[in-house]
Amino acid sequence: MKYSEFPEERHLSAQVIELDTALFRYPFRIRIEGDKVIVMDLHGTDHYGHLFQYPSFQYLSSFGRCGDSPMEMLSMENFRFYNHAVWALDANKSELTRLDYSSSGDSLLREEAVTLDEDILRPLDFVVYDDTTFVIPDYSGESRFLKVHCKGKLIEKIGAIPTTNEKALQEARPALAQAWRSFLDYNPHNGVLAAVTQLGEVVEVYNLKDSTHVVRIGEHNEPEFKVSDGYGIPTGIMGFSDVQVTDSAIYAVFHGTSFKEIASQSGRLPDGGKYIYVFSLKGEPLCKYVLDHYIYGIWVDEATKTIMATDVNSDQPILKFSFG
C-alpha cells in the first residue's frame, strides 16, 4: 500500500543535553529503562556502550570493550533491554551477549555469550521476542526474518522480502537482502514487529499475535540497487535509520537524501535524518515531525511526550524533543 501524505506535520526544536564527558565517535542508538540510559557508539574506540543516569545524564560506566579477545567485542550493531538485563549484538563475531547490572547498579557485567548458528548470515539487527527467542533479519534472501533460540539455534524462517523485483528474487537474493537491510523493533505488549528499510522508503508491520502483515511504501519506493560482484550497491536514497514500536504507534527516523546528493556534497551535508515519521500500529501514516537537527537514533516516551535522539554531527550529541 502506498502512502505519500501525512495528515499532520509539526516542527520540533531540540534541547541539547550537556554532557561532561567526551566519549563518542558515532552515537548511533539510545535507549532508556527506568533511571538508566545507554548510548551506543557504532565506531567506538575503547567501548561500544556507555551507561548514564537518567534523566541527569551523569556518566556511570562503559561496556562492550573493543577488541578480539573472547571477552571483547569486534562490533556492536544494536542492544536491547530485556528483563532488567541488556543484550548486545556483535555481527563480526556472530554473537549475542547478555549483560547484567552490578550490585551497585552503576555498571554492566558480561554474563553470557551466545554464538549464532553458522547458517545465519551476518546478523545486523535483532529483537528479543520472548524469554527463549530472538528475531533476526535473514540476509540470505530466502525469507524476511529468522526466529532464533536463545542458545543460537535457528528455529523458523518467517515471511519473504516484499519486493516487486522478480529478477533479483530469482538471480540475486543475497544482494537483494543486503539492499533491503532494515532496522527493527518489537513491542511484546501488542505483538507488533516493525521493520523500516535503510534504503528507499518501506515500512513493514508484522503483528506476531494475529499473523497479519502490512507493507507501506512511500514516495521514494522500495530500495534501489545494482548488483556488482554479488553485492548490492545502493543507487537511490538513504531511507530510515531507526524505529521504535510504542504501545500506541510506530516512530521512525527518515533521511530521504539521495546518494547523488551525498556524493556531490561530500562531507558538507549533515549526517542523519531530519524527520520522524509516525505510523499507527497498522502502518497508517499519522504525523510527520520536521526537526531542527539531523539525528540517527531515537527513544520515545509517550507518557512524558519526549523523544531523546542522537546527533552524530555534534560534540554534544544527545538531544531532547518535546512533542506534547
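**Cores and pockets in a predicted model**

Me: Which residues touch the most other members of the largest nonpolar core, and what makes it a core?

Reply: In this predicted model, the largest nonpolar core holds 54 residues, and Ile 38, Met 76, Phe 79, Phe 240 and Ile 250 touch the most other members. Strand E21 (residues 237-245) gives the most to this core, with five residues. The set is called a core because its members are buried and joined through side-chain atoms within 4.5 Å.

Me: What lies apart from this core?

Reply: Another core, of 17 residues, lies apart from it, and Val 253, Val 278, Cys 287 and Ile 298 are among its members.

Me: What is the volume of the largest pocket, and which residues are the closest to its centre?

Reply: The volume is about 730 Å³. Of the 25 lining residues, Phe 81, Tyr 186, Pro 188, Gln 244 and Val 245 are the closest to the centre. Each counts as lining because a lining residue has an atom within 4 Å of a point of the pocket. Elements giving two or more residues to this lining include strand E3 (27-33), strand E7 (78-82) and E21.

Me: How does the lining of the largest pocket divide by class?

Reply: It has 12 nonpolar, five polar and eight charged residues. Pro 188 is one of those closest to the centre, and Pro counts as nonpolar.

Me: What is known of the second largest pocket?

Reply: About 550 Å³ of space lies in it. Of its 22 lining residues, Leu 124, Tyr 139, Gln 178, Arg 181 and Gln 198 are the closest to its centre. Helix H2 (173-179), strand E20 (231-234) and E21 each give two or more residues to the lining, which divides into 15 nonpolar, four polar and three charged residues.

Technical notes:
Residues are numbered from 1 along each chain as its sequence is written. This is a predicted model: local features need pLDDT of at least 70, side-chain atom pairs count only at pLDDT 80 or more; totals for chains, interfaces and linings use all residues. Side-chain values use heavy atoms; hydrogens and water are left out. Buried means under 20% relative accessible area, exposed over 50%, partly exposed in between (1.4 Å probe, protein chains only). Helices (H or I, at least four residues) and strands (E, at least two) are DSSP runs, numbered from the N terminus. On a 1 Å grid over the protein atoms alone, a cavity is a set of points where a 1.4 Å probe fits but cannot get out, and a pocket is an open set with protein on both sides within 12 Å along at least five of seven lines; lining residues have an atom within 4 Å of a point. Grid points are joined across faces, edges and corners, and a volume is the space filled by probe spheres set on the points.
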